[in-house]
Amino acid sequence: MAAHGNGVFGDREKGTRPSQHSERQPALPRTRQEIVDGPNGGTRGLLRVKSAGESGRRGMHPIQFLTITWRSTSWLSRAVNILWPFVPVAIALHWITAVEDMHVLKFSIAYIAMVPCANLIGFAGQELARKMPHMLGVLTETTMGSVVEIVLFMILLQDSQFYVIQAAILGSILANMLLCLGLCFFTAGLRREEATFHAAVSEVGSNLLLIAGLGLAIPTVFQRSIINSGFDLTTEDLDARVLNISRIVSVLLIIAYAVFVFFQMHTHNGIYDAVFEHDEKRDADGHKDRAKAKLTFTECIIALAISVALVTLIAIALVQEIPAIVEEQGISDPFMGLILVPLVEKAAEHLTAIDEAWDNQINFALSHCIGATIQTAMLNAPLVVIVGWGRKLPMDLNFEVFDIVMLILAIIIVGNLLRDLKSDYLEGFLCVVVYIAIAVAAFYFPNPHEAAGHGGTGEEGAAQEAAAHVAKYLLS
C-alpha cells in the first residue's frame, strides 16, 4: 500500500526544507470531477489491479521470508524486532513454568513481547495491502492493525474485566487521535515546513469521529441524567435500561460503519484512490521502496497467522496479570485501560503512520490515525458489546464522565486542527502534550471501589457541569 523507504530515521533531506508549495510535489486535485477522473482522465475503480506489491515469487521461501520480515518497513520497525527474544520468555513464564508470584515481571515481559508481535501483524497487513487497490488496501491494513485490539478486548471480556475494556476503548481512541496524530504532525514538520492533506480524508473523518463520540456518550449521559433527575428507579432497573441502550447504540454504530465503508469502497472510491495516488507520487523515499523485496501472498498469510497466534497467547498472559498489578502495585484500572493497554495494542498502527508522515505521505498517515479511531469507535467497541450480549454478559457503554468528557474534547481539538487542511510540528507537539496531561490525570484517577462512599454527590455535580459545558459548545 503505502511506500515507506528507510522510514523515520532514513536519510534527511539536505538544504532548505520544502514547503507545501514546492513545485517538486504533485498538485492535489481541486474539483470532484478532476478527482474522479484522475490526472490522466481514467476511471479509478475498486477492482483495478495494483502491481506495487508484486514480489516476483510464489509460495513460501523461508530465508527470504525471514529476511524481509526482519528488515520490516523502517529503521524504527526494525529496531522493534530486537524485542523478539521477549516473546518465548513471556510464553514460557505463563504457559510452561509454574511461577505464582513475580506479577510485575510477568506483566512487564508480556507487555514488551506484545510489541514485536503487533509489529509483525502491521507489517504483514501492509505487505498484503500493497497488492490491492488503494482503498481496499487501506481498509485491510487498518483492520489488520486492529487485530491486537480485538483479541485483547475479547480476552478481557472472557475475564469479565468490563471496566478495563471501557477505559481501553476510549484510551485507544485518544491514543490514535492525540498521540499518533500528534507524532505524525510533529514528524512531518521536522522534515518540511507544512504538511498538506486532502479534505476527503480529514473532513469526513472528523465528522464521523464526532458522531461516533456522541454515540458512545449516549448511555453515559442517560445514566447520569436519570440519577440526577431523581426518578424512582432501582439500580437493577437503571442498569438494565443502560445495557439495552448500549446494545441498540452498538448495532446502530456498526450499521453506520458499514455505510461508511460502502461510501469509501463503492460510491466515492475514485476520490480516495486519487488522493492516495497523489501521496504515492510525492513519497520522499518511493524509489527505494519500489526496489525492496516483498512478501508473497502466501507469506503474508503465514505471517498473519503466526503473529495472531502469538498475540493471542501473550494477550492471555498479559490480561491475567492485570488484577494483581492493580491490587498490589497501586496502578489504577483507569490508567491501565486508558493508557497502558491502548499503547501496546496500537503500537503497529502508530509505527506505520509515523513512518508514512516522515515520507510525506500525510494522507496515508491520516487514514491510519483517523481510520483506526473510527474503526475502534464504530466497529470494535460495539462488537465487544454485541459479543457480550450473545454470551449474556453485562458489557455496556456506560463510561466514566471523566473519560467521555476527555473524548469529546479531544474530538473537538482534532477537528479544529484538521480544518485548515495543513499541519506543522507545533500542532503535533501540542497534541502530544494534551495526551500526556490526560495520562497524568488517569494515573491519579481512583479505582471505582475507591471512589464509592466518598461523598460523590459534589464530584458528580462537578462532572455533570463539565459535561453540560461540552454539550453547550457542541450545540453552539
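Helix H13 and helix H14 pack against each other in this predicted model. H13 covers residues 297–329, and H14 covers residues 333–345. Their axes lie 10 Å apart and meet at an angle of about 130°. On the H13 side, the contact is made by Ile322, Ile325 and Val326. On the H14 side, it is made by Asp333, Met336 and Val341. Sorted by class, this contact holds 5 nonpolar residues, 1 charged residue and no polar ones. Asp is a charged type, so Asp333 supplies the charged entry.

A second helix pair can be read in the same terms. Two packed helices are described by the angle between their axes and by the distance between those axes. For helix H4 (residues 86–96) and H5, the angle is about 135° and the axes are 8 Å apart. That makes H4 oblique to H5. Here the crossing is left-handed. H4 brings Phe86, Val87, Val89, Ala90 and Leu93 to the contact. H5 answers with Lys106, Ile109, Ala110, Ile112, Ala113, Pro116 and Cys117. By class, the H4 and H5 contact counts 11 nonpolar residues and 1 charged residue, with no polar ones.

Ala113 sits in helix H5, which spans residues 103–130. Is Ala113 buried or exposed? Its relative accessibility is 0%, so Ala113 counts as buried; the limit for buried is under 20%. Which residues does Ala113 touch, once its neighbours within four places in sequence are left aside? They are Phe86, Val87, Ala90 and Ile314. Ile314 falls within the span of H13, residues 297–329. Val344 is 231 residues away along the chain, yet the two C-alpha atoms are separated by 9.5 Å. Val344 falls within the span of H14, residues 333–345.

Now step back to the whole chain. The protein chain has 20 helices and 2 strands. It has 476 residues, and buried residues make up 55% of them. Consider the contacts with a separation of 6 or more. Of these, 88% join residues 24 or more positions apart.

Val414 lies in helix H17, residues 401–418. Its relative accessible area is 1%, so Val414 is buried. Val414 and Ser206 are 208 residues apart in sequence. In space, their C-alpha atoms are 7.4 Å apart. Not counting residues up to four places away in sequence, Val414 touches Met177, Leu178 and Leu181.

Next come the cysteines. How many disulfides does the structure hold? The count is 0. The cut-off for a disulfide is 2.5 Å. Cys180 is buried, with a relative accessible area of 0%. Cys369 counts as buried too, at 1% relative accessibility.

The last stop is the backbone in two loops. Most residues other than glycine have a negative phi. Lys392 is not a glycine, yet its phi is positive, at about 60°. Where is Lys392 placed? It is in the loop between helix H16 (362–390) and H17. At 75% relative accessibility, Lys392 counts as exposed. Leu421 also has a positive phi, near 65°, and is a residue other than glycine. Leu421 is placed in the loop between H17 and strand S2 (422–423). Its relative accessibility is 27%, so Leu421 counts as partly exposed.

Note on methods:
Residues are numbered from 1 along each chain as its sequence is written. This is a predicted model: local features need pLDDT of at least 70, side-chain atom pairs count only at pLDDT 80 or more; totals for chains, interfaces and linings use all residues. Side-chain values use heavy atoms; hydrogens and water are left out. Helices (H or I, at least four residues) and strands (E, at least two) are DSSP runs, numbered from the N terminus. Buried means under 20% relative accessible area, exposed over 50%, partly exposed in between (1.4 Å probe, protein chains only). Contact means heavy atoms within 4.5 Å. Axes are lines fitted to C-alpha atoms, for helices over the stretch in contact, and angles run from 0 to 180 degrees between N-to-C directions. Angles under 35 degrees count as roughly parallel, over 145 as roughly antiparallel, 65 to 115 as roughly perpendicular and the rest as oblique. A crossing is left-handed if the near helix is turned anticlockwise from the far one by less than a right angle, and right-handed if clockwise.
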